[in-house]
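Morning, everyone. Please look at the model on the screen.

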Amino acid sequence: MKHSLVVFVVLVICGFILGFFLAGALFSGGRSGFYFTLGLVYAVEALLLIWGGYRISAEALERERGWLYGTVCVAAVIFFWQPLISFLIGLLVTERVVVPQTFSPLGILVALFLFLPLGALGGWLAEKRYMG
């Protein structure tokens, strides 16, 4: 869980920093700058999820299970940390229980077919690098 928490914290910090660039591109009026920055946000998120899977698999060093460690790390980020923090912030700000968007059909599909394979890729890469 500690690796997934580290990945989540880095995701939040990078998202916050890139949010300033995204807002600047939005208010500057140029569409190409906005779309470039939005693509940069998605690319950084994808790279951080791959890095999370890589990091946890590199520490575990178990043959034939690197992809599993990467998938579990990303699943903890997507299905535990993000909804928990979203729930707590929504409860503190609005004093209502808000269901995070992760549990919508689209959110589940994106997590299953995009985010989890990125974690598996990172875990597989670490396994191939360190174990051959």
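Let's start with H1 and H2. These two helices pack at an angle of about 170°, and their axes lie 10 Å apart. Axes here are lines fitted to C-alpha atoms, for helices over the stretch in contact, and angles run from 0 to 180 degrees between N-to-C directions. That angle makes H1 roughly antiparallel to H2. The angle classes are under 35 degrees for roughly parallel, over 145 for roughly antiparallel, 65 to 115 for roughly perpendicular, and oblique for the rest. By class, the contact of H1 with H2 has 19 nonpolar, four polar and four charged residues. Nonpolar covers Ala, Val, Leu, Ile, Met, Phe, Trp, Tyr, Cys and Pro; charged covers Asp, Glu, Lys and Arg; the others, Gly among them, are polar.

A word on the source. This is a predicted model, where local features need pLDDT of at least 70, side-chain atom pairs count only at pLDDT 80 or more, and totals for chains, interfaces and linings use all residues. Residues are numbered from 1 along each chain as its sequence is written, and side-chain values use heavy atoms, leaving out hydrogens and water. Helices are DSSP runs (H or I, at least four residues), numbered from the N terminus.

Now H1 by itself. Which of its residues are buried? They are His3, Ser4, Val7, Phe8, Leu11, Leu18, Leu22 and Ala25. Buried means under 20% relative accessible area, exposed over 50%, partly exposed in between, with a 1.4 Å probe and protein chains only. The buried residues of H1 pack against H2 and H3. Just after H1, glycine 29 takes a positive phi of about 95°.

Next, tyrosine 54, in helix H2. Buried or partly exposed? Partly exposed, because its relative accessibility is 21%. Tyrosine 54 and tryptophan 124 are 70 residues apart along the chain, yet their C-alpha atoms are separated by 7.4 Å. Leaving out residues up to four places away in sequence, tyrosine 54 touches Gly122, Gly123, Leu125, Ala126, Arg129 and Tyr130. Contact means heavy atoms within 4.5 Å.

Last, H3 and H4. H3 runs over residues 66–94, H4 over residues 105–131, and they pack at an angle of about 140° with axes 6 Å apart. That makes H3 oblique to H4. In H3, the residues that meet H4 include Gly66, Trp67 and Gly70. On the H4 side, Gly119, Ala120 and Gly123 are among them. The residues of this contact divide into ten nonpolar, five polar and one charged.
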